[in-house]
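Good morning, and thank you for coming.

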Amino acid sequence: VGLWAVSAPAQITHGLPAAYQALVIQPKALGDGKFEFDLTAAVAQARERNKRLYVYLGAHDCAYCRRYEVFLTANSKELLSHFAPYLIVDLRGSLNMRAEQLHIRVGERSQPYATFQTSIGDERAQRLVYPTVWLLNAQVKPLMQMPAGAGTFMTVAEQIEVLQLVQ
């Protein structure tokens, strides 16, 4: 596991399609089998550019993540303009990462995954499900509650509704 984290930037190539110009964040090894995704730069950019955050937590070895990424590629002409209000963030994980190993950092504060979910008001079950999407404002507060996992917004109409914050 530790070797994976050290070599992760070179190995994790799957993720959101290039056309979406996502800010890619690779996991950082913290030791003791723990990993951290640092959202600090993404939050700063969102504030500077007056954008919302579309944070995608995927896994390079997740079949459901691949399906979503293929869907985004196939429908990019219809969808890209709807992503315009967002700074898209691609957290590139692995199915080997368990919730208790994962930390999310914003600024000086690094929190375990479940604590981060609570801190942003995420009401979903506090377990790690791939893929997960958070729609956040630049203050790292949720814009709407999101479903997680496979089958989520897998039509163009559903994806547009999500991006337009239709509950």
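Where does valine 140 lie? Valine 140 is in the loop between β8 and α6. Helices here are DSSP runs of H or I with at least four residues, strands are runs of E with at least two, and both are numbered from the N terminus. The phi of valine 140 is positive, about 65 degrees, although this residue is not a glycine. With a relative accessible area of 9%, valine 140 is buried; buried means under 20% relative accessible area, exposed over 50%, and partly exposed in between, with a 1.4 Å probe and protein chains only.

A word on the source. This is a predicted model, in which local features need pLDDT of at least 70 and side-chain atom pairs count only at pLDDT 80 or more, while totals for chains, interfaces and linings use all residues. Residues are numbered from 1 along each chain as its sequence is written, and side-chain values use heavy atoms, with hydrogens and water left out.

Let me turn to the overall layout. The chain has 6 helices and 8 strands, and from the N terminus on they run α-β-β-β-α-β-α-α-β-β-β-α-β-α. Of the 167 residues in the chain, 46% are buried. A contact means heavy atoms within 4.5 Å. Among the contacts in the chain with a separation of 6 or more, 65% are between residues 24 or more positions apart.

I come now to strand β5, residues 86-93. How many residues of strand β5 are buried? The count is 8 of the 8, so the strand is largely enclosed by the rest of the structure. In a regular strand the side chains alternate between the two faces of the sheet. In β5, Tyr86, Ile88, Asp90 and Arg92 are buried on one side, and Leu87, Val89, Leu91 and Gly93 are buried on the other.

Strand β5 also has pairing partners; two strands pair if DSSP finds at least two bridges between them. Strand β1, residues 23-25, runs parallel to β5 and is joined to it by 3 bridges, with leucine 23 bridged to valine 89. Strand β4, residues 52-59, pairs with β5 in the parallel sense over 8 bridges, and here glycine 58 has arginine 92 as its bridge partner.

Next, two of the helices. In helix α2, residues 40-49, the buried residues are Ala42, Val43 and Ala46. They lie on the same side of α2, because they cover an arc of only 100 degrees around the axis; the arc is that of the directions from the helix axis to the C-beta atoms. These buried residues pack against β1, β4, β5 and β6. Just after α2, asparagine 50 takes a positive phi of about 55 degrees.

Helix α3, residues 63-74, buries Cys65, Arg66, Tyr68, Glu69, Phe71 and Leu72. What covers these buried residues includes β4, α4 and α6.

Rings of Phe, Tyr and Trp (its six-membered ring) pair if their centres lie within 6.5 Å; planes under 30 degrees apart count as stacked, over 60 as edge-to-face and the rest as tilted. By this rule the count is 7 aromatic pairs. In one of them, the rings of tyrosine 54 and phenylalanine 83 have centres 4.9 Å apart and planes at 70 degrees, so the pair is edge-to-face. This pair links distant parts of the chain, 29 residues apart, with tyrosine 54 in strand β4 and phenylalanine 83 in the loop between α4 and β5. Tyrosine 54 is buried at 0% relative accessibility, and phenylalanine 83 is buried at 3%.

Phenylalanine 116 and tryptophan 134 form an edge-to-face pair too, at 5.3 Å centre to centre and 75 degrees between the planes. Phenylalanine 116 is in helix α5 and tryptophan 134 in strand β8, so the pair ties together parts 18 residues apart in sequence. Ring pairs also link Tyr20, Tyr54, Phe83 and Tyr86 into a cluster.

I close with two backbone details. Which residues does a cis peptide bond join? They are tyrosine 130 and proline 131, with omega at about -10 degrees, and proline 131 is found in the loop between α5 and β8. Glutamine 21 has a positive phi of about 50 degrees although it is not a glycine. Glutamine 21 sits in the loop between α1 and β1, and at 68% relative accessibility it counts as exposed.
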